[in-house]
Amino acid sequence: MARAQASFGDPTGDTSMFAALDRFWSGLAEIGVDPSSTLRRDDAVSALQETFAEVRRVGDSIQSLISEADQRIGEAVSEAQNLMERIASLNDEIRLTARSGADSTGAENAQAALIDQLSAIMDVRVSPLEEGGVHVRSSGGALLVGVEAAQLSYTPNTAPFAAHGVISFNSELGTSSNIEPFLLGGQLHGLLQVRDEDLAGLAEAVGGFAGALSNTLNEIHNENASTPAVSELVGRQTGLIGSDSLGFTGTAIVGIVDSDGNLAQRLTINFGAGTITGEAPGAVYNIGTTITSFTNALDFAMGAATPAGGADFTGGVLSLTVGASGGVVVQQDPDDPSARAGRGFSHFFGLNDLISRPTPSFFENGVDATDRHGLAAGGQLVFQVRDASGRFIADRTITISGALAAPTATWGTLVGALNANGTGLGGYGTFSLDAATGKITLTSAAGFDVEMLNDSTTRGATGVSVSALHGMSSVSTAGRAMEINVNDLVAGDPGRLAVARPDLTVDIGDKMIENGDNRGASALAAARNSARTFAAAGLLSAQTTSLSLYAARLGGEAGRLASDSQRQADGAEAVATAAADRRAQIEGVSLDDELIRMTTFQNSYAAAARVIQAATEMLDILLAMGIR
């Protein structure tokens, strides 16, 4: 945990991810002084790239530590098995020696030394046997050494985000169980805690921070515009397909500008009314109820404004184009902003994102239970069920086949299959689709732990799996730390950093974006200290705070874990020392006490010798008197 904390770097130094983020905020302030400066935009983009490079490094470091802990668990299990077998072997030797009447002290001392080594790996309780030897149990009651040694086995899986197995107990006897719940202390217990709780929680927190930072910056950046406005906006990978319900409320505005930056066409998208209204030329287009019908309507509307204009939705990505001689911007209606699952039109589709990820970086996708799930046939969702003690209960594999592979199968159909008794997780947990966000979540039933082991599903042509779309695995949530980066379009051309704030309320033909406008840069810089609501992520609880304090709390959690671990280690060392001292009082030898006893025995011997001498002298005198 000390190494995990060190991976964050010194918060007061110049090389940590916090320092890089501070340089980005400072770079935005510098842009505010001179928005037209290419050098200052380049500095800000470079600082943001450095920030996410540090986030990736920290995320990779934590995953490496998890893999190391898993490898060390495997090594500790092998060492414990060897010690248990040697202790059991000495049990036989001690009993045979005792039956023959010989001295078994040497074997007993050797066995005690082995038990000491085993007790450092796992907490044990030792019971001496009347015929000689010992029984060794874990503090939780598992018999480790009896007539024979128990059999422990574990196979490490050091791949990032791996689903780790359990330490099997007596599997060759057909009574295989998980010994982990019976381990209440020792090296193994510590390694299991750090792998499954501390480091895993820290990894989720770093992923949550990366997601929160990207979401905040993207929300603002999608309200901004470059100067001059870009001719094409390419969105993010949404994981959606064309048949999905449109699902937006409110109003968004698309502005098309000419080469001079003047507003050439304003398209008002009223999702509530189901229309797109153009002004030059004037026209009204019906957007329908699906993403495909909406994209077609927007494509017609943009094409009517400019010959090269159009909209396209392919493979989960929405793009808007107006041709090289103009530009396109998108903004929320200030009085009735658009929203799908809590995000505005441009923000949801990521049309002007500053930060990107190959798969969704947020999981409020807005799908409806009646939407077709669009999953390719043959994909599988694999789950494993264990009880509260970690014992294996069942495996469940949901395959996209039969009714689930039908073209009309919906998300509701999939949720039903996941909750089915016998073939699904019914009785062990409940899957539900949130009507407000479209996110599928799993709630394990009391006394059970359900874990996703594998997901090979793919949605349409998006390449996005069920777990990636809904954030159902650590790969999708904690994995954000290793995959989020500055949008390639912005990284390749810092001039695309949107630092202006367009005014789509101007009249047709008027200037929409002023040169030297720094309001967009100011809005991005203000995100540092403005209060926002952040969802729970690993060790970080749900909270309302600023990005700067959220980052500080992330570093603070890493420090707290390291400090707590050190205190626990110091406490364990103190207990071990006290136990050793108490045992030494019983088993050990005091040289002072032995010297006193030796002196006492020596003096007693001398006194006894003098008594014998006096008795001899008295007898001689008596004999002499009798002769006379």
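Is F448 buried, partly exposed or exposed?

1. F448 is partly exposed, with a relative accessible area of 30%, whereas Y428 is buried at 17%. Here buried means under 20% relative accessible area, exposed over 50% and partly exposed in between, with a 1.4 Å probe and protein chains only.

2. A word on the model: it is predicted, so local features need pLDDT of at least 70 and side-chain atom pairs count only at pLDDT 80 or more, while totals for chains, interfaces and linings use all residues. Residues are numbered from 1 along each chain as its sequence is written, and side-chain values use heavy atoms, leaving out hydrogens and water.

3. Now for the rings. Rings of Phe, Tyr and Trp (its six-membered ring) pair if their centres lie within 6.5 Å; planes under 30 degrees apart count as stacked, over 60 as edge-to-face and the rest as tilted. The count is 17 aromatic pairs. One of them joins Y428 and F448 edge-to-face, at 5.1 Å centre to centre and 70° between the planes.

4. R236 lies over the face of F348, 5.2 Å from the ring centre, and R343 lies over the face of F362, at 3.7 Å. For this, CZ of Arg (or NZ of Lys) must be within 6 Å of the ring centre and within 35 degrees of the ring normal.
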